Amino acid sequence: MEWLPTLWFVVIAVLWLGYLFLEGFDLGVGMLMGVMARNERQRRVMLNTIGPVWDGNEVWLLTAGGATFAAFPYWYASLFSGLYLPLVIVLAALIFRAVSIEYRGKAHTATALRMWNLAMSLGSFVAAFGVGAMLALTTLGLPLNENGDRVGGAFAWFGWEAVLGGLAVVGYCLIQALAFLRLKTDGPIRERSGSLLVRWLPLGLLPLVLWALAVLLRNDSMGAWALLGLAALAMVAAWGTARSGREGFSFIALGAALALGVAAIFTAAFPVVLPSTIDPAFNLTVMNASSTPYTLRLMSIVAAFGVPLVLAYQAWSYWVFRKRIHEKHIPETHLITPVVK
């Protein structure tokens, strides 16, 4: 069963891809709420595009972390202990974001509403940046010793690799959110999203391309270079279809660009799951970081039944909430005054 660690490396890459694609646009919508909407009704339009799906999208993050813990415990231990501080910050950002979504509609003052809007935007930005930094360090390396422990202080992880990965995920989330809002809304938000998408798409995707190039230049792979070339073609197609107003095609092309880019990065990194910047001999690989064959077999059986059910449910939920949202669909806000007896 020597192929099982490789299989689970692919599965974890797919889980991260699912998270970046599905959570990407709702993190982007959260970041854009404070700068793109002109009034509260437009902010509510934007929020309602992700309202039915945002919490389901976050399940992919939990599943990716859980699968890493079960399939590659040494990878999980080194990564999560080495990046303990940024992961706590990401967790706090996700909590603030989730609370803001639930409580902004219960705000009774303009100050409280501005506070929750700020929590939504900052929480979405910090979460996207932190996840991008972690994934970049997973593929570009951490200062690990022979025991898999991080060497250095609390900020030994912080460098250009982390910044590049953070900017890559933030940029993609913003661009994908614009494509999503163009696809899911009607009226001023749709028009504004289309204009911004065409203008900023090349710049927003540039950090993702640079991250992929950094990984490929360190781990030369013909297959990875071919995948990166296809990802670049998908980006060009996304920009071209966005300019011509083909909203569905531009959103699909952005998804294809992400899938091909992530495939290129993980293909180039294979079989290393966490490189050491101190000595390549300390690298964690799919073989020396994996669980026992029995554990991987059991996980494979469970995943064979569970993953199709999750995909079917999410596909159904997106189909149910597929209609466009316009400002006229948003009811007036109501102030509920408690009755004092």
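Predicted model: local features only at pLDDT ≥ 70, side-chain atom pairs only at ≥ 80, totals over all residues.
1. Start with one span. Residues 83–103 are 95% helix and 0% strand.

2. An unreviewed UniProt entry gives "transmembrane region" for residues 6–37, 83–103, 115–142, 154–175, 196–217, 223–242, 249–274 and 294–321. Such annotations may be inferred rather than shown by experiment. One of the listed spans, residues 223–242, is 100% helix and 0% strand in the model. The end C-alpha atoms of residues 223–242 lie 29 Å apart.

3. Next, helix packing. Two packed helices are described by the angle between their axes and the distance between the axes. Take helix α4 (residues 59–71) and helix α12 (residues 293–320): their axes come within 12 Å and cross at roughly 170 degrees. Angles over 145 degrees count as roughly antiparallel, so α4 and α12 are roughly antiparallel to each other.

4. Which residues make the contact of α4 with α12? From α4 come Trp60, Ala67, Ala70 and Ala71. They meet Thr295, Leu296, Met299, Leu311 and Gln314 in α12. By class, the contact residues are 7 nonpolar and 2 polar, with no charged residue.

5. Helix α4 also packs on helix α5 (residues 73–82). Here the axes come within 5 Å and cross at roughly 120 degrees. That angle makes α4 oblique to α5. On the α4 side are Gly65, Thr68, Phe69, Ala70 and Ala71. On the α5 side are Pro73, Trp75 and Tyr76. The residues of this contact split into 6 nonpolar and 2 polar, and none is charged. Note Ala70 and Ala71: these α4 residues meet α12, and they also meet α5.

6. Aromatic residues deserve a look. The structure holds 16 aromatic pairs. In one of them, Phe72 and Trp75 have ring centres 5.5 Å apart and planes at 65 degrees, so the pair is edge-to-face. Are these two side chains' residues buried or exposed? Phe72 is buried, with a relative accessible area of 0%. Trp75 is buried too, at 3% relative accessibility. Trp75 is also one of the α5 residues that meet α4.

7. One aromatic cluster is made of Phe21, Phe25, Phe180, Phe251 and Tyr318. Phe251 sits in helix α11. At 12% relative accessibility, Phe251 counts as buried. Beyond residues up to four places away in sequence, Phe251 touches Phe21, Phe25, Gln176, Ala179, Phe180 and Leu183. Among these, Phe21, Phe25 and Phe180 are members of the cluster. Gln176 is 75 residues from Phe251 along the chain, yet their C-alpha atoms are separated by 7.0 Å.

8. Two prolines are worth checking. Pro207 lies in helix α9 (residues 188–218). Pro207 counts as buried, at 16% relative accessibility. The cut-off for buried is under 20%. Leaving out residues up to four places away in sequence, Pro207 touches Leu164, Leu167 and Ala168. By C-alpha atoms, Pro207 and Arg243 are separated by 21 Å, at 36 residues apart along the chain.

9. What is the peptide bond from Phe270 to Pro271, cis or trans? The bond is cis, with omega near 5 degrees. Pro271 falls in the loop between α11 (247–269) and β1 (272–274).

Notes: Residues numbered from 1 in each chain as written. Heavy atoms only, no water. Axes fitted to C-alpha atoms, helices over the stretch in contact; angles between N-to-C directions. Helix = DSSP H or I, 4+ residues; strand = E, 2+ residues; numbered from the N terminus. Parallel < 35°, antiparallel > 145°, perpendicular 65-115°, else oblique. Contact = heavy atoms within 4.5 Å. Nonpolar A, V, L, I, M, F, W, Y, C, P; charged D, E, K, R; others polar. Buried < 20%, exposed > 50% of the residue type's maximum accessible area, 1.4 Å probe, protein only. Phe/Tyr/Trp six-rings, centres within 6.5 Å; stacked < 30°, edge-to-face > 60°.
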